[in-house]
Amino acid sequence: MKKQIICAILAISLLFAFAGCSGKPASQENTPSQTPSREETTTPAAQAVPEKVKFSLWHSYVGTDQRAPFMEARMSQFREQYPNYEIDEQKIPRDQYQTKLKTQAAAGQLPDAFVVWPNAMTIEFATSNLLADINDLLERNPEWRDGFVSRALDEFTVDGKTYSAGLGVSVTSIVFYNKALFDKYNLSYPQSYEELKNVITTFVKNGVIPIAHGNKPKWPAQSTIFSLMANRETGSEWLDNVLAKNGAQFTDPEFIRALEKFEEITKLGAFNKDFISLDNVQMRDYFYKGQAAMMIDGSWAVPDVIAKAPEDLKANIELDILPGFEGGKGDPNVMSGVSATGIAINKKVSPQQKAAIEDLIVFLTNSEAQQMYAEYNIPVSYKNVTIDKSKADPIYIKLTELISKHPLVTVYDSALNSELTEIVNNGIQGIMVGKQTPEEVAKQLQAAVK
Amino acid sequence: MENVIKANGGKDLLSGVGKRFRKLLLYALLYFVAITTVYPLLWMVYTSFKSNQDISMNTLALPTKLHFENYLEAWKTARIGEYFFNSILVAVVSIIFTILVGASAAFILAKFKFKMQRLVYTSFIIGMLIPIQSILVPLFIQMRNFKLLDSRWSLILSYTAFGLPMAIFILESFIRDLPSEILESAVIDGSSVPRAFFKLILPMSRPALATVIILSFLNNWKEFSFALIFISDEAKKTLPLGLYNFLGAETNNYAGLTAALVISSIPVLIMYLFMQEQVIKGMTAGAVKG
Amino acid sequence: MELISRNRKYIFIGLFPAVALYIIFVIYPIVRSFFYGFYEWNGLGEPIYIGLKNFQDILKDNIFWLSFKNNIFVVVASILGQIPLGLFLAIVLNSKLKGAGFFRSVLFIPMILSTVVVGLLWSTLLNYQMGVVNYILQSLGLEKLALDWLGNPDIAMYTVCAVIIWQFFSLYMIIFLAALQNIPNDILEAANIDGANELRKFFSITLPMLWPTVMTAVVLCISGSMRSFDLVYVMTQGGPANATELMATYMYNKTFSVYKYGYGSAVSLVIFVISFGLILISQSLMRKKNSDR
């Protein structure tokens with residue numbers, strides 16, 4: 001890594017020397033900052049000698065990742081537009097990405113640019129002083145910056161400094177339901193908790209799985225279902241108060257009520273009996289086969305649904321969110337979601353590399369890129385993206401409508417640090433298999449709040 | 001079975017019937033176990049010809065239509081073309097080193113008496129006692145210091161080193177059972193110890209050597225963690241790294257995965273079938289003392 | 001054994017490559033990793049020395065003790081399951097039984113398959129609702145036995161152990177197959193003439209001669225079981241509700257998921273100490289049994 005930086009600096013200094021000799025004032029103006037402060041992709045002013053900048057980029061948008069085809073297409077466009085950038089691109093499948101990155105981090109050898117997850121991971125890396133912030137980039141590009149939904153930037157911001165921008169957003173709690181099955185048993189989509197229970201019991205009586213679910217990895221129940229249920233009971237500020245130790249605690253009745261309601265629907269038989277042995281991908285099979293009336297998953301499931309659901313089922317798939325809970329303090333109109341991952345910059349890079357990576361960050365998230373998200377069925381992170389309804393898949397269109405109707409609130413594994421996240425994930429799984437009570441889980445959580 | 005054997009060691013009268021019954025039971029057991037071991041392999045093969053949609057609908061059913069394109073797609077996605085060569089190279093070189101280094105150490109430990117013997121033997125156990133993930137970081141730093149990162153040598157050296165305990169244990173206990181007289185008479189007749197090692201001990205240890213080769217090849221071929229951490233250069237990656245391209249948090253591509261696995265299982269199967277013969281043949285190739 | 005005096009130098013030459021390689025690439029990193037156990041470190045910033053605190057926390061953590069209990073269970077089940085089964089099959093398939101070659105090949109398949117395939121397939125076969133195993137049991141009228149093999153916290157561990165035994169028994173089978181080649185045929189034939197039946201031959205001749213190999217197998221088995229990770233991770237991820245948590249999955253979780261690298265390293269040190277202890281115990285027990293060694 002050090003060697004490459006030195007080579008890059010030497011090369012750049014030589015080019016500076018050349019630029020100086022050629023006597024073109026325009027080039028000298030262009031070379032230092034390197035960032036085109038425009039979003040449109042008109043050909044850049046590659047007048048004089050563009051400096052060669054090398055940097056390494058690690059990302060997980062490969063293989064079965066939702067963003068893999070987008071990334072491949074966009075990166076070749078990037079390379080075309082900036083031929084002077086030499087990018088050592090490492091594509092690592094998501095599960096292995098964390099292992100490899102953290103090993104290199106522990107050895108003090110992070111790549112120049114790498115994907116980070118919002119919230120917990122960004123906080124850990126930022127407070128350990130490993131990231132360079134992009135506040136000045138945001139200052140210089142107000143149009144680009146203002147296009148984002150606030151979440152896409154806020155969740156990468158620590159103590160006023162922003163470190164990345166999300167390549168889209170992820171809604172974590174979408175209820176995909178099979179309208180035909182609802183019609184068959186004269187049910188309409190539930191609008192309250194009582195109605196939800198009624199729907200569940202009716203389906204159970206008729207041998208239909210009410211909600212397909214898979215919680216082997218422990219996070220799906222918390223992320224796709226419970227986070228929103230808790231919000232319905234407690235409202236959004238409550239969690240902030242708990243974490244800030246500002247008068248609220250996990251042992252408050254609202255939160256315990258949320259856990260109890262979750263326990264209740266589990267006991268009513270809401271989920272397929274083997275939910276504990278399936279992950280959130282395998283559970284979708286029940287829905288595709290028409291054996292489950294609903295499935296609750298995140299927006300990342302949309303490409304999979306589009307690819308694997310049988311055509312006759314697709315015509316009947318509707319998207320909605322959890323109903324409001326009567327007596328709950330939460331806004332019934334919100335749904336849980338989080339920013340997608342984004343590219344962060346290693347604090348140790350040279351100014352030229354930082355500029356180059358900032359170009360990349362902009363390029364991957366500007367309005368043109370957002371258009372491409374739509375083409376690849378990725379939920380966008382910009383406020384206003386016009387989607388070509390004639391070309392987009394109907395399910396993706398339903399997704400975007402859902403997003404426009406319902407504001408996002410935070411997911412628990414984003415708001416909590418990794419230790420609390422582990423406790424809540426384990427606790428929810430424990431409740432689902434009857435090994436823990438809501439009170440116990442609440443107590444464990446509160447005990448770990450620092 | 002045992003109730004047809006008479007207790008006092010003489011020839012049992014029911015030996016005829018007892019024997020047939022026992023044989024039948026034995027075959028039943030063998031076939032039962034064999035079914036449980038063959039089915040997964042068959043499943044892997046026939047699933048590789050289904051589409052992901054088919055697999056979603058019914059994980060266990062036979063394919064109705066053969067999707068040969070899975071193999072082309074798997075070849076590309078798992079980058080089998082590039083990674084295959086690396087895997088073979090690393091595995092083969094590691095085995096050669098493991099055998100040479102391990103067999104000589106095993107020989108010394110088995111046939112020589114010296115003070116630190118117990119200690120040396122025991123210290124080889126140490127490396128097998130902690131999970132691999134614990135040493136990823138220190139080993140990574142080590143490889144970086146030796147400037148071996150992104151080189152096949154990092155894999156070869158670590159696979160050899162970590163494969164030594166098993167190789168040494170298996171070879172040591174085998175060589176210890178070889179009769180010392182043959183070795184001593186060779187030395188008395190003027191042969192040097194190394195010569196005796198290469199000309200006598202190694203050939204006589206063929207069954208154990210074949211076993212070590214099989215197990216080392218298997219471990220090296222499937223090894224993943226070190227390859228993930230040490231190698232970033234596409235040109236040097238090994239097969240297991242490509243396989244994870246089919247699995248993700250958002251979706252799984254079992255069709256591609258099984259196709260890639262079928263392809264990558266072939267060398268192992270061939271290696272096993274060949275070596276397995278060597279294990280048994282060793283018996284007749286003059287390995288055992290007469 | 002009288003090769004000693006003149007040939008001492010070969011001891012050094014023969015051992016040096018192995019020992020050197022091993023110390024550099026195995027011992028040294030392991031020792032370094034233990035050091036982290038005495039620090040509080042998230043793997044990113046600066047490590048902070050905290051002495052024995054990690055170890056105190058480990059001893060206080062219920063989940064650790066649960067994983068310890070599960071691991072011991074795996075070790076015992078593996079020793080009692082894999083080794084006898086491997087030994088039995090090796091003896092049977094070493095003979096001129098018809099089809100021995102076929103069985104030797106076929107029974108080795110579990111070792112060849114990738115853990116992902118094994119984990120995925122067995123999870124599917126053992127699925128409570130749709131699995132083949134339960135389907136067969138139900139058609140045989142044995143519905144009471146059609147349990148939630150991987151989802152019931154009370155039996156999940158047994159199920160996982162069974163799959164682990166299935167995956168590894170052939171490892172011991174081939175080790176014993178090799179060792180059996182060393183037993184001279186004439187001794188066995190002499191015993192036949194004397195009228196000894198199979199069992200007596202086994203206990204009086206075969207087993208004593210194989211005992212060193214059995215000891216080796218036990219060492220491999222203990223160390224392998226204490227490190228069990230892949231299969232459990234794929235099949236249950238340590239669930240449901242930590243019912244199948246093993247020390248290695250517990251350690252992995254703390255190291256790579258929860259940013260508690262120092263704590264994870266402390267867990268590794270604990271795993272090491274326990275494994276080493278178990279091996280020493282087993283070795284001394286087995287050596288006592290074998291008086292003529």
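1. In what follows, helices (H or I, at least four residues) and strands (E, at least two) are DSSP runs, numbered from the N terminus. Counted that way, chain C of this predicted model has 13 helices and two strands.

2. The C-alpha trace of chain C spans about 70 × 70 × 30 Å along its principal axes. Among the contacts in chain C with a separation of 6 or more, 69% link residues 24 or more positions apart.

3. Now to the nonpolar core. The largest one has 304 residues, and Ile168(B), Leu171(B) and Phe176(C) have the most contacts inside it. Helix α8 of chain C, residues 156-180, gives the most to this core, with 19 residues. As background, nonpolar side chains tend to be buried together in soluble globular proteins.

4. Which residues does Leu171(B) contact, leaving aside its neighbours within four places in sequence? They are Gly102(B), Ala103(B) and Ala106(B), together with Ser205(B), Ala208(B) and Val212(B).

5. Chain A has an open sheet of five strands, in the order β2-β1-β3-β13-β4, with mixed pairing. At the edges are β2 (85-91) and β4 (131-132) of chain A, each of which pairs on one side only. Inside the sheet, β3 (residues 113-116) and β13 (residues 342-346) of chain A run antiparallel and are joined by four bridges. One of the residues to look for is Val116(A), whose bridge partner in β13(A) is Gly342(A). In general, strands of a sheet pair through backbone hydrogen bonds.

6. Next, the contact between chains A and B. Chain B brings 23 residues to it and chain A brings 22. On the side of chain B that touches chain A, the elements giving two or more residues are α2 (52-57), α6 (136-145) and α11 (225-230) of chain B. Of these, α6(B) gives the most, with five residues. By type, this side of chain B divides into 11 nonpolar, 10 polar and two charged residues.

7. Finally, a word on confidence. Chain B averages a pLDDT of 85, and 91% of its residues score at least 70. Where does pLDDT stay under 50 in chain B? One stretch is residues 1-13, for which the model has 16 contacts beyond four places in sequence. Another is residues 283-290 of chain B, with 13 such contacts. Where pLDDT is low, the predicted coordinates should not be read in detail.

Key:
Residues are numbered from 1 along each chain as its sequence is written. Chains are lettered from A and ligands numbered from 1 in the order in which they are written. This is a predicted model: local features need pLDDT of at least 70, side-chain atom pairs count only at pLDDT 80 or more; totals for chains, interfaces and linings use all residues. Two strands pair if DSSP finds at least two bridges between them. A nonpolar core is a set of buried Ala, Val, Leu, Ile, Met, Phe, Trp, Tyr and Cys residues joined through C-beta atoms within 7 Å. A residue is buried if 20 or more other C-beta atoms lie within 10 Å of its own, exposed if 12 or fewer, and partly exposed in between; C-beta atoms are placed from the backbone. Two residues are in contact if their C-beta atoms, placed from the backbone, lie within 7 Å. pLDDT is the predictor's confidence in each residue, from 0 to 100. Ala, Val, Leu, Ile, Met, Phe, Trp, Tyr, Cys and Pro count as nonpolar, Asp, Glu, Lys and Arg as charged, and the others, Gly among them, as polar.
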